[in-house]
Amino acid sequence: MNGYSTQWLDKGFPWVYRDELQGGDAVRDAGDVVRIVGQDGQGRGVGLWSDTGKVAVRRFRTDEGPLDAALIAARMDAARARRPLPDQTTAWRWVHGENDGLPGIRVDVWGPEVAIALDAPGLERLLPLVVDHVVATLRPTAVWRVDRLAHDVDLDARAGVLYGDPADEAVEVEELGLRYGVHPGRSQDVGLYCDMRDVRAWLRPHLAGRRVLNLFAHTGAFSVVAAAAGAAQVVTVDLSPGYLARAEDNFRRNGLDPAAHEFLSDDSLAVLDRMRRKGEQFDLVVADPPSFSHGPRGDWSVERDFARLVTACCRVLADNGWLLAASNHGGLSPKDFRGMVQQGSIKAGIPLRLLHEGSTPVDFPASLAVPTSRYLKCWVLSA
Ligand SMILES: C[S@@+](CC[C@H](N)C(=O)[O-])C[C@H]1O[C@@H](n2cnc3c(N)ncnc32)[C@H](O)[C@@H]1O
């Protein structure tokens, strides 16, 4: 590798980028075990070769030992031991990729089922070892492979059941005692974002009697928390009628009557516009949009549109109302996020104050060596 890459590896970075390779041009196959050598000729450990994407090698060890079942079991056991998770919580991330010493491998537990995602085909070499350890440790009813679309390889095409007998219907999981239906085998579409668990827990004691507007609501996890905590009004907005149907189902799973609340299949900015014109006000607006999306009113991009969204949210906030502003877009820096929140609030003429800075929970650790691991920006602000 070149000197730049060597320096990063010495700081604990787990990847060697393809354009930073020097030498090492022997023909290799995806999944080959390679010894990593720095610019000074010294060994920098052992990794797996990937023949696609920007990352050529993912480093699994800094010494020269084997990539075997004992290594995988030790890393997975260490990741599991960092619990405790909160009580009454059966959906959690077991292995968080490079942050758990297993670069490119994610393992999520969804109650009785487990889902494994790989970032590159070269990691398949380790998959049987991961599955064996999952099965031996948790005895799940099913293990899925749910790779995300990565690089130029359609990894979704390789998704499927690796072990056991999955449920035909949604699986029910608990988060802090509330129940949600999830589909562990649907890679991008499971139905619950566990990385927001601590934020939901933080909000919970503040919601009784409040009017809550949950935008970009997905399957309504924030809405369920609000309604279960005794919010006076919960309006749940998502472009997708399918997600709203799942949100209503999540209400029923918790003994909450969806008919007592509103579910709007619409564009969030259009709804905000309508609410403002009608003079509606909310004590909490949740704005956790996707990085990008295509809608009937055009494309949404968090980097371009977040300030405009903050302005529109501010305009429906009651006196002392709260705005939860969040983005999980790794490409959006905390500085730019802060800038857009500030810009949006100035434009609305409402000087927001930061009440709480939310973070990912204990099962989503962030390696200091990998800046993009700290992807979540989540602020609760008061008008
Ligand atoms: C990242 S998820 C939000 C996660 C959600 N806050 C939660 O905690 O589960 C993004 C959601 O925004 C929805 N969406 C995308 N563009 C939208 C738009 N313009 N208006 C309303 N919903 C939109 C998608 O259908 C998706 O469910």
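**Figure 1. Helix 8 meets helix 9 in this predicted model.** V302, E303, F306, A307, V310, T311 and C314 in helix 8 meet F337, M340, V341, Q343, G344, S345, K347 and A348 in helix 9. Contact means heavy atoms within 4.5 Å. Helix 8 spans residues 302-314 and helix 9 spans residues 334-348. Helices (H or I, at least four residues) and strands (E, at least two) are DSSP runs, numbered from the N terminus. The two axes come within 7 Å and cross at roughly 40°. Axes are lines fitted to C-alpha atoms, for helices over the stretch in contact, and angles run from 0 to 180 degrees between N-to-C directions. Helix 8 and helix 9 are therefore oblique to each other. Angles under 35 degrees count as roughly parallel, over 145 as roughly antiparallel, 65 to 115 as roughly perpendicular and the rest as oblique. The crossing is right-handed.

Residues are numbered from 1 along each chain as its sequence is written, and side-chain values use heavy atoms, with hydrogens and water left out. The model is predicted: local features need pLDDT of at least 70, side-chain atom pairs count only at pLDDT 80 or more, and totals for chains, interfaces and linings use all residues.

**Figure 2. Helix 2 packs on helix 3.** Helix 2 covers residues 69-81, and helix 3 covers residues 127-138. Their axes lie 9 Å apart, at an angle of about 50°. That makes helix 2 oblique to helix 3. This crossing is right-handed. On the helix 2 side, A69, I72, A73, M76, D77 and R80 take part. Their partners in helix 3 are L129, V130, H133, V134, T137 and L138.

**Figure 3. The largest nonpolar core has 43 residues.** A nonpolar core is a set of buried Ala, Val, Leu, Ile, Met, Phe, Trp, Tyr and Cys residues joined through side-chain atoms within 4.5 Å. Buried means under 20% relative accessible area, exposed over 50%, partly exposed in between (1.4 Å probe, protein chains only). W110, V173, Y180, L192, L284 and L324 touch the most other members. Helix 5 (residues 221-228) gives the most to this core, with 6 residues. Domain 2 (69-172) and domain 3 (193-382) both contribute, so the core lies between them. Domain bounds come from an automatic or database domain assignment. Apart from this core lies another, of 35 residues, with W300, L317, M340 and L381 among them.

**Figure 4. Helix 5 is mostly covered.** Of its 8 residues, 7 are buried. These are A221, F222, S223, V224, V225, A226 and A227. G230 follows helix 5 and has a positive phi, near 95°. Y180 touches A221, V224 and V225, among others.

**Figure 5. A115 sits in strand 7.** The strand covers residues 113-118. A115 is buried, with a relative accessible area of 2%. Leaving aside neighbours within four places in sequence, A115 contacts R106, V107, D108, W110, W144, V146 and P184.

**Figure 6. Y163 belongs to strand 9.** This strand runs over residues 160-164. Y163 is partly exposed, with a relative accessible area of 33%. Beyond neighbours within four places in sequence, Y163 touches V131, V135, P140, T141, A142 and V143.

Conventions: A crossing is left-handed if the near helix is turned anticlockwise from the far one by less than a right angle, and right-handed if clockwise.
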